[in-house]
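Subject: Structure for your review

Hi,

Here is the structure I promised to pass on. Please load it first, then read my notes below.

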Protein chains: 2
Amino acid sequence: MSADTRKAQAEVSELIEDWAKTLRAKHVESAMAHYAPDILTFDLAPPLQYVGANAIRRSLADWFPTFVGPLGYEIRGLNIAASGDVAFSTSLNRITGARTSGEETDVWVRMTLGCKKINGTWMIAHEHASVPFHMDGSYKAAIELKP
Amino acid sequence: MSADTRKAQAEVSELIEDWAKTLRAKHVESAMAHYAPDILTFDLAPPLQYVGANAIRRSLADWFPTFVGPLGYEIRGLNIAASGDVAFSTSLNRITGARTSGEETDVWVRMTLGCKKINGTWMIAHEHASVPFHMDGSYKAAIELKP
């Protein structure tokens, strides 16, 4: 692996760790600083996709207040492929916390991030979060899986 | 956009179109030629993830025969970011066909591919396929969504 590749990986890793901190802090505008303006999101909830940073802003502004107190956001097995100004990362992320609904959330999701270096700064240009679903006819999201 | 970037995008596009053909042909070994040996898969069905080409081989060998006749595989809105020897792509893919179960499948899935140029050849090193799920308490996979 070249020194350039190692450097890019370290930078993308820092971007992702930094971004995770903003989720734990439930701070919308701090999170927004990590997204490219034209980010394409494949989120846990419908629709199939949304385009642009404003859609994420609305989604986070809706999501954060559903946690009564702390939002736990663990990133496990982060793997980053980076070259030049493009990178993608994979990980299993655990979201935990008490919800205003009274529910206790504890779910592992698969996360793929597509990153681009824009004007010298790595940004998240694509986010794909999901759980698989059961093929037993129930079509239920497999929110109970643990790595 | 540099000529190198354009060339890389064209090569990755060709990889993906080529790979889709092998799915439509339901040909396991032709599909396998497009995957990196250590590919990480986040699939529609559980588990959360599987690692390595052999896991995909088994999955495809199980999946293809569930289609009675043709397997339809449309790729819409393919977008590729590529730089050096790393790329990622996003698209909405439509899977159609009559199943041995009697069911008629027609589902749109979000697809993110992570690609790497390995020994001069672009390969699929990561595949993330999913549908979102309903947050109405049913946790049902939203297999009915259309783009």
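B:Asn119 sits in the loop between E5 and E6 of chain B. The model is a predicted one, so treat every value here as computed from it. Phi of B:Asn119 is positive, about 50°, although the residue is not a glycine. Is B:Asn119 buried or exposed? B:Asn119 is exposed, with 5 other C-beta atoms within 10 Å.

Chain A has its counterpart in a hairpin. E5(A) and E6(A) form that hairpin with 2 residues between them. In the turn, A:Asn119 has a positive phi of about 50°. The two strands pair in the antiparallel sense over 9 bridges. Within that pairing, A:Gly114 stands opposite A:His126 in E6(A).

E4(A) and E5(A) form a hairpin too, with 5 residues between them. Its turn holds A:Gly102, which has a positive phi of about 95°. Here 13 bridges join the strands, which run antiparallel. A:Arg94 stands opposite A:Trp108 in E5(A).

Now the sheet, as seen in chain B. It is an open sheet of 6 strands, in the order E2-E1-E6-E5-E4-E3. The pairing is mixed. Which strands of chain B stand at the edges? E2 and E3 do, each with a single partner strand, so one side of each is left without a neighbour in the sheet. E1(B) and E6(B) run parallel and are joined by 4 bridges. In that pair, B:Leu40 has B:His126 as its bridge partner in E6(B). For your side-chain work, one general point: in a regular strand the side chains alternate between the two faces of the sheet.

Next, the helix H1 of chain A. It covers residues 3-24. How does its length compare with what 1.5 Å a residue should give? The 22 residues should span 32 Å, and the end C-alpha atoms are 32 Å apart, which agrees.

The burial pattern of H1(A) is worth a look on screen. A:Ala8, A:Val12, A:Leu15, A:Ile16, A:Trp19 and A:Leu23 are buried. Seen down the helix axis, the buried residues of H1(A) fall within an arc of 90°, so they line one face of the helix. They pack against helix H2 (28-32), strand E3 (72-83), strand E4 (86-98), strand E5 (104-118) and E6 of chain A. The other side of H1(A) has exposed residues: A:Ala3, A:Arg6, A:Lys7, A:Ala10, A:Glu14 and A:Glu17. Just after H1(A), A:Lys26 takes a positive phi of about 50°.

- A:Pro46 and A:Pro47 are joined by a cis peptide bond, with omega about 5°. A:Pro47 is in the loop between strand E1 (35-42) and strand E2 (50-51) of chain A.
- B:Pro46 and B:Pro47 are also joined by a cis peptide bond, with omega about 5°. B:Pro47 is in the loop between E1 and strand E2 (50-51) of chain B.
- A:Tyr139 is not a glycine, yet has a positive phi of about 55°. A:Tyr139 lies in the segment after strand E6 (121-130) of chain A. With 19 C-beta neighbours inside 10 Å, A:Tyr139 counts as partly exposed. The cut-off for buried is 20 or more.

Last, how the two chains relate. A rotation of 180° with 0.0 Å of shift along its axis superposes chain B on chain A, at an RMSD of 0.0 Å. That is the relation of a two-fold axis. Which C-alpha of chain B is nearest the axis? That of B:Lys140, 2.2 Å from it. The same surface serves both copies, as 100% of the contact residues of chain B recur in chain A.

The contact takes 40 residues from chain B and 40 residues from chain A. On the side of chain B that touches chain A, the elements giving two or more residues are strands E1 (35-42), E3 (72-83), E4 (86-98), E5 (104-118) and E6 (121-130) of chain B. The residues of that side divide into 25 nonpolar, 10 polar and 5 charged.

Best wishes

Definitions and conventions
Residues are numbered from 1 along each chain as its sequence is written. Chains are lettered from A and ligands numbered from 1 in the order in which they are written. This is a predicted model: local features need pLDDT of at least 70, side-chain atom pairs count only at pLDDT 80 or more; totals for chains, interfaces and linings use all residues. Copies are superposed by least squares on the C-alpha atoms of residues with pLDDT of at least 70 in both. Two residues are in contact if their C-beta atoms, placed from the backbone, lie within 7 Å. Ala, Val, Leu, Ile, Met, Phe, Trp, Tyr, Cys and Pro count as nonpolar, Asp, Glu, Lys and Arg as charged, and the others, Gly among them, as polar. A residue is buried if 20 or more other C-beta atoms lie within 10 Å of its own, exposed if 12 or fewer, and partly exposed in between; C-beta atoms are placed from the backbone. The expected span of a helix is 1.5 Å times one less than its number of residues. The arc is that of the directions from the helix axis to the C-beta atoms. Two strands pair if DSSP finds at least two bridges between them.
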